[in-house]
Amino acid sequence: MEMISIKSPRDIEKMRAAGRLTARARALAGSMIRPGVTTGEIDKAVRKFIESQGAKPSFLGYGGFPASICASVNEVVIHGIPGNRKLQEGDIVSIDVGAYLDGFHGDCAATFPCGEVTDEAQKLIDVTKQSFFEGIKLAKVGQRVSDIGHAVQQYVEGFGYSVVRDFVGHGVGRNMHEPPEVPNYGAAGHGARLQPGMVIAVEPMVCAGDWRVKVLGDKWTTVSADGSLTAHYENTILITDGEPEILTDPGDGSAI
């Protein structure tokens with residue numbers, strides 16, 4: 001089994017700083033989402049902001065990815081490449097962003113409405129976000145990694161939605177993706193036992209229809225196979241002796 005890194009108090013302080021910056025970048029992106037704005041404009045603004053804080057966008061160049069954010073619209077679940085696409089009234093837009101600061105990464109995502117959206121689209125956004133919080137109720141010392149995903153899946157499926165299987169959450173630290181994998185589905189009671197000092201990204205990816213996805217020809221853009229709406233929500237969390245700590249907290253009292 002791959003080694004799961006346990007972060008030192010000094011590492012954790014640095015991860016809090018990286019996490020705060022990443023959360024502020026996510027909030028910036030969210031504040032820009034309105035009809036007529038292009039995903040490329042959002043990407044440029046986020047990159048400029050992250051670099052202005054002495055950090056680097058984690059995603060830029062990662063595995064050849066050409067941008068600083070993933071901007072995934074409607075049926076695009078994850079890994080949407082920003083560009084000339086103009087957002088339209090009623091779109092829902094998933095923004096995933098990472099920042100690398102002082103040797104550590106933060107990683108977070110959220111789905112935002114563009115203007116007025118349908119009740120069904122808003123419900124999908126809300127359920128996806130709440131499923132994260134349902135999952136991290138189990139992110140406590142002594143629980144197992146799969147307990148989190150089991151809770152996410154039970155909550156999501158209770159609304160008739162489905163959880164993507166092909167992509168999962170992960171450990172975060174000096175590398176953006178570290179052990180362990182953190183699925184959003186499956187039976188409880190499996191995987192690594194959670195210990196204080198573990199840092200993981202929990203990231204439900206939810207489809208309004210079937211859970212199957214396909215990757216398009218650009219090798220990145222991942223869509224629901226049935227074309228149904230999708231949503232994504234993610235935070236980087238620290239396992240503590242008590243409740244988990246959300247590291248991707250903007251630190252300004254605004255909503256996470």
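**Exercise 1. Identify which residues form one aromatic cluster with Phe132, and classify the pair Phe132 and Phe133.**

*Solution.* Step 1. In this predicted model, one aromatic cluster is formed by Phe132, Phe133 and Tyr233.

Step 1. By the pairing rule, rings are paired if their centres lie within 6.5 Å, and planes over 60 degrees apart count as edge-to-face. The model holds 5 aromatic pairs by this rule.

Step 2. Consider Phe65 and Trp220: their ring centres are 5.0 Å apart and their planes stand at 80°, so this pair is edge-to-face. It joins distant parts of the chain, since Phe65 belongs to the loop between β1 and β2, while Trp220 belongs to the loop between β11 (213-215) and β12 (222-224), 155 residues apart.

Step 3. For Phe132 and Phe133, the ring centres are 4.9 Å apart and the planes are at 90°; the pair is therefore edge-to-face.

**Exercise 2. Decide whether Phe65, Phe132 and Phe133 are buried or partly exposed.**

*Solution.* Step 1. The cut-off for buried is under 20% relative accessible area.

Step 1. Phe65 has 3% relative accessibility and therefore counts as buried. Phe132, at 0%, is buried because of this value.

Step 2. Phe133 has a relative accessible area of 26%, so it is partly exposed.

**Exercise 3. Describe helix α2 and state which elements its buried residues pack against.**

*Solution.* Step 1. Helix α2 covers residues 39-52, which is 14 residues. From first C-alpha to last it reaches 20 Å, close to the 20 Å expected at 1.5 Å a residue.

Step 1. The buried residues of α2 are Thr39, Gly40, Ile42, Asp43, Val46, Phe49 and Ile50.

Step 2. After α2 comes Gly54, which has a positive phi, near 80°.

**Exercise 4. Determine the strand order of the open sheet of 3 strands, and find which strands stand at its edges.**

*Solution.* Step 1. The order is β3-β12-β11, and the pairing is antiparallel.

Step 1. β3 (76-78) and β11 each have a single partner strand, so they stand at the edges, and one side of each lacks a neighbour in the sheet.

Step 2. On average, neighbouring strands of this sheet are turned by 40° against each other, direction ignored.

Step 3. β3 and β12 are joined by 2 bridges. Val76 has Val223 in β12 as its bridge partner.

Key. Residues are numbered from 1 along each chain as its sequence is written. This is a predicted model: local features need pLDDT of at least 70, side-chain atom pairs count only at pLDDT 80 or more; totals for chains, interfaces and linings use all residues. Side-chain values use heavy atoms; hydrogens and water are left out. Helices (H or I, at least four residues) and strands (E, at least two) are DSSP runs, numbered from the N terminus. The expected span of a helix is 1.5 Å times one less than its number of residues. Buried means under 20% relative accessible area, exposed over 50%, partly exposed in between (1.4 Å probe, protein chains only). Contact means heavy atoms within 4.5 Å. Rings of Phe, Tyr and Trp (its six-membered ring) pair if their centres lie within 6.5 Å; planes under 30 degrees apart count as stacked, over 60 as edge-to-face and the rest as tilted. Two strands pair if DSSP finds at least two bridges between them. Axes are lines fitted to C-alpha atoms, for helices over the stretch in contact, and angles run from 0 to 180 degrees between N-to-C directions.
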